Amino acid sequence: MQSLITAVREQGEAARFLAWPGDFDLDRGDHGEEVHLASGAALEGFAGDGAGGTFFFCGEGGEERPVLYADSEGRAALIAIGLPELLRLLLVAPWWPDCQTFTAEESRKLAAEYLEDTPDLMAQRDRAAEALDLTLPTEGDALARLREVALGAGENFVLVLTSENEPYEPLIRD
């Protein structure tokens, strides 16, 4: 089975969609500050966004590991269990960082802004998903899962700024 990271690198259209609007770049895995998990589990930055945020794999293993996102403002949250779940979220609701309520209704409003600039955005998304062999959930299901992961399992994944031994603030709150 091919790695999804390799597939993203090899599938130009998928990589372009994930870069924008997904704001996910596999060449930006360095967070810029030394951080660690409070639990002591392994932490591996593997991608980033244009605003200085970083996507980390947590623990040992491969692409099935939990994925934590840390922004450049000192906030972090576990956002997916495994790379396939993360990519489905980025494909279905790339505007997830702007969500407050994580509902399908809110997502549709945010999507409308993107669709004004890129009317064929959903067709691009569908081609990217097909290239990566990913079945997409609904926006509502993807955002509900994000919230469930962040507020459930995410409690066990506290990111700490090593230099100050201070935990990051939760990115997603109840």
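This is a predicted model: local features need pLDDT of at least 70, side-chain atom pairs count only at pLDDT 80 or more; totals for chains, interfaces and linings use all residues.
**View 1. The aromatic pair of Phe24 and Phe46.** Among the 7 aromatic pairs that the structure holds is the one between Phe24 and Phe46, an edge-to-face arrangement with 6.2 Å from centre to centre and 65 degrees between the planes. Because Phe24 belongs to the loop between helix H2 (12-19) and strand E1 (35-37), whereas Phe46 belongs to strand E2 (residues 43-48), the pair ties together parts that are 22 residues apart in sequence. Phe24 and Phe46 are both buried.

**View 2. The aromatic pair of Tyr69 and Trp96.** The ring centres of Tyr69 and Trp96 lie 5.4 Å apart and their planes stand at 85 degrees, so this pair is edge-to-face. Tyr69 sits in strand E4 (residues 66-70) and Trp96 in the loop between helix H3 (83-92) and helix H4 (104-117), so that parts 27 residues apart in sequence are tied together by the pair. Tyr69 is buried, with a relative accessible area of 7%, and Trp96 is likewise buried, with a relative accessible area of 3%.

**View 3. Helix H4 and its buried residues.** With 14 residues, H4 reaches 20 Å from its first C-alpha to its last, which is close to the 20 Å expected at 1.5 Å a residue. Glu106, Ser107, Leu110, Ala111 and Tyr114 are buried in H4, and what covers the buried residues of this helix includes helix H5 (121-131) and helix H6 (139-151).

Technical notes
Residues are numbered from 1 along each chain as its sequence is written. Side-chain values use heavy atoms; hydrogens and water are left out. Rings of Phe, Tyr and Trp (its six-membered ring) pair if their centres lie within 6.5 Å; planes under 30 degrees apart count as stacked, over 60 as edge-to-face and the rest as tilted. Helices (H or I, at least four residues) and strands (E, at least two) are DSSP runs, numbered from the N terminus. Buried means under 20% relative accessible area, exposed over 50%, partly exposed in between (1.4 Å probe, protein chains only). The expected span of a helix is 1.5 Å times one less than its number of residues. Contact means heavy atoms within 4.5 Å.
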